[in-house]
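Thanks for sending this one over.

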Amino acid sequence: MANYKPKNILITGAAGFIASHVCNRLIRNYPDYKIVVLDKLDYCSNLKNLLPSKSSPNFKFVKGDIGSADLVNFLLITESIDTIMHFAAQTHVDNSFGNSFEFTKNNIYGTHVLLEACKVTGQITRFIHVSTDEVYGETDEDAVVGNHEASQLLPTNPYSATKAGAEMLVMAYGRSYGLPVITTRGNNVYGPNQFPEKLIPKFILLAMQGKPLPIHGDGSNVRSYLYCEDVAEAFEVILHKGEVGHVYNIGTKRERRVIDVAQDICKIFSRDTETSIKFVENRPFNDQRYFLDDEKLKILGWSERTIWEEGLKKTMDWYIKNPDWWGDVTGALLPHPRMLMMPGGRHFDGSEDGKSVSYASSNTNQNRMVIPVAKTGNVGSPRKSSFKFLIYGRTGWIGGVLGQLCDKQGIPYEYGKGRLEDRSSLLADIQNVKPTHVFNAAGVTGRPNVDWCESHKTETIRTNVSGTLTLADICRDHNLLMMNFATGCIFEYDAAHPEGSGIGYTEDDKPNFIGSFYSKTKAMVEELLKEYDNVCTLRVRMPISSDLNNPRNFITKISRYNKVVNIPNSMTVLDELLPISIEMAKRNLRGIWNFTNPGVVSHNEILEMYKSYIDPNFKWANFTLEEQAKVIIAPRSNNEMDASKLKKEFPELLSIKESLVKYVFEHNKKT
């Protein structure tokens with residue numbers, strides 16, 4: 001049989017452990033293959049796992065769920081996918097006892113969506129479904145021959161049952177619709193990048209912390225372990241040489257008891273096994289042994305290369321070098337963790353609470369990340385967007401730019417005609433537009449500045465407080481997410497957050513700046529909006545854009561002042577962050593977010609850049625806050641915002657100074 005050669009491969013779950021090694025290997029070895037990876041970035045996924053592939057021209061990342069039929073169909077058509085390698089799944093057995101419906105949803109329904117998309121598009125020439133050795137159930141302790149590919153499936157826990165169910169769907173689509181399917185069933189895999197809910201990385205991290213290694217039951221359960229790079233090679237072989245309609249075991253004859261694994265890890269950390277190992281209550285239905293016959297795969301030319309001692313040493317070295325790869329994983333290191341599988345974060349349910357952490361990409365380079373938007377696909381007709389935005393604030397700066405961004409991304413949108421304080425007009429907008437999301441960029445900030453609000457308090461309250469709450473309430477009644485552009489000018493430096501300390505205000509901190517009436521109204525409405533779970537509040541500060549002719553641009557303002565104060569502040573570069581706000585809407589993110597670039601920059605630092613890039617003859621003078629107070633009516637807020645929450649969701653977010661250079665000054669540079 002001739003070797004199969006794919007062109008455009010879709011890899012699901014590619015930010016996870018095994019799939020990331022497979023993806024990185026294929027990117028490295030086959031630059032002529034286009035690799036599109038789809039991952040919803042659940043708790044055990046991490047975009048950093050794909051760093052080796054990130055800069056490759058044949059790599060593209062898409063954040064999304066395989067359960068979304070529209071997204072899957074969109075990708076298959078627009079990316080001309082001919083091959084699918086389906087890794088995405090919930091895999092942790094402990095979790096399956098407490099979250100079994102999630103396993104059914106992800107493992108069975110998600111697989112069904114993929115298969116149906118393959119049937120409908122009719123363009124897939126290879127579908128590789130990744131299953132597990134656990135579908136065979138427990139192997140007899142005295143068996144000398146492992147389960148072969150034709151052995152009966154007898155799963156014993158919700159996880160393996162959902163994987164077996166997914167296999168049945170794959171087999172049915174292969175037989176009924178002629179879908180070219182291949183199924184793999186593998187032993188345990190270990191190595192770098194693995195989330196520490198699994199045995200080996202958990203034991204390594206606990207050993208690094210000097211904590212006991214918890215063993216379920218008496219530790220006599222037997223497992224077989226393969227090093228991740230060997231497994232990645234196995235998938236490379238199956239992709240090119242695997243025969244359609246066949247199942248392939250990816251296994252090893254070398255078996256180890258759990259107690260043996262713990263002792264080996266204690267040995268390489270020079271720890272006493274007697275005092276370092278703790279026996280805990282066994283988990284339900286803890287199968288004694290999984291044993292595979294791997295001869296069929298060996299006939300294709302694959303064999304295990306990495307011996308146990310070598311693989312364990314490589315894995316240990318990696319975790320020592322990368323102890324914070326996964327952030328706070330305290331809850332995963334518990335003897336019986338429960339990970340609540342909610343998109344967009346890592347949530348622990350145990351005796352110790354972990355911090356919610358998530359990772360995603362905000363790279364606007366479409367060669368790296370794609371967001372499903374209306375565009376012409378291979379079928380020659382425009383693809384309908386699944387989004388429609390209703391935007392308030394048409395005549396405002398942010399509202400206007402949002403419309404331009406929607407035009408660029410092919411997202412249908414309309415500007416709201418109603419006024420925020422008029423509930424009936426807002427209802428009419430919702431009914432006429434039928435949006436999927438509502439953006440509120442309307443509000444009173446005062447012209448030419450916030451001093452106006454001091455003498456127009458009623459108008460300010462009417463829009464900033466009453467109007468915003470009315471819109472949020474209507475959106476909630478219609479099950480709509482409201483993206484609300486707010487302000488970070490509700491804080492000021494204090495003893496706990498001193499200027500220059502690097503300690504920024506977080507999303508949980510209470511506003512402490514009451515110097516201006518404008519800020520008072522924004523702090524008031526932010527507190528009230530906490531009662532609405534359909535709102536995503538984005539705290540913008542001192543907005544800046546590449547349009548230096550815009551009089552509302554912070555750089556434009558201070559470059560026209562006779563004198564400026566020189567205080568470091570957090571700021572928002574709209575060119576970088578407004579596209580992120582659209583992505584946040586698509587991800588249905590909620591709650592309060594400090595919507596600023598990480599770090600601070602002072603007035604003088606900005607003007608130095610202005611002089612260097614724009615006008616070498618530019619000059620300015622400074623004056624003190626006391627001197628400034630004589631020429632303004634209301635004091636101004638100065639603070640540093642902690643942008644770490646936004647940075648975790650969008651790791652490629654630039655610091656304020658880097659963003660200023662890239663999006664503003666390089667863009668306007670004069671030679």
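The points below go from confidence, through the fold and its cores, to a few local details.

1. A word on the ground rules. This is a predicted model, in which local features need pLDDT of at least 70 and side-chain atom pairs count only at pLDDT 80 or more, while totals for chains, interfaces and linings use all residues. Residues are numbered from 1 along each chain as its sequence is written, and side-chain values use heavy atoms, with hydrogens and water left out.

2. Confidence. The mean pLDDT (the predictor's confidence in each residue, from 0 to 100) is 85 for the chain, and 88% of the residues reach 70 or more. Contact here means heavy atoms within 4.5 Å.

3. Overall make-up. The chain holds 23 helices and 22 strands, taken as DSSP runs numbered from the N terminus (helices H or I, at least four residues; strands E, at least two). Of its 671 residues, 58% count as buried. For burial, the cut-offs are under 20% relative accessible area for buried, over 50% for exposed and partly exposed in between, with a 1.4 Å probe and protein chains only. Among contacts between residues at least 6 apart in sequence, 81% join residues at least 24 apart.

4. Seven strands form an open sheet with parallel pairing, in the order 3-2-1-4-5-6-10; two strands pair if DSSP finds at least two bridges between them. Strand 3 (59-63) and strand 10 (247-250) are at the edges with a single partner strand each, so one side of each lacks a neighbour in the sheet. On average, neighbouring strands are turned by 20° against each other, direction ignored. Within the sheet, strand 1 (residues 8-12) and strand 2 (residues 34-39) pair over five bridges, and Asn8 has Lys34 as its bridge partner in strand 2.

5. The cores. Which residues have the most contacts inside the largest nonpolar core? They are Ile11, Leu26, Ile35, Val37, Met85 and Ile265, in a core of 72 residues. Such a core is a set of buried Ala, Val, Leu, Ile, Met, Phe, Trp, Tyr and Cys residues joined through side-chain atoms within 4.5 Å. Helix 8 (residues 228-241) supplies the largest share, eight residues. A second, separate core has 31 residues, including Phe485, Val540, Ile582 and Trp593. Back in the largest core, Ile265 is in contact with residues beyond four places in sequence, among them Ile200, Phe203 and Leu312.

6. Helix 3. Is helix 3 (residues 69-78) mostly covered or mostly open? Eight of its 10 residues are buried, among them Phe74, Leu75 and Ile77. Ser80 follows helix 3 and has a positive phi, near 50°.

7. Two backbone details to look at. Lys434, although not a glycine, has a positive phi of about 50°; Lys434 sits in the loop between helix 14 (423-433) and strand 17 (437-440), and is exposed at 61% relative accessibility. Met542 is likewise not a glycine and has a positive phi of about 40°. Its loop runs between strand 19 (535-540) and helix 18 (554-560), but Met542 is buried, with a relative accessible area of 14%.

Methods. Axes are lines fitted to C-alpha atoms, for helices over the stretch in contact, and angles run from 0 to 180 degrees between N-to-C directions.
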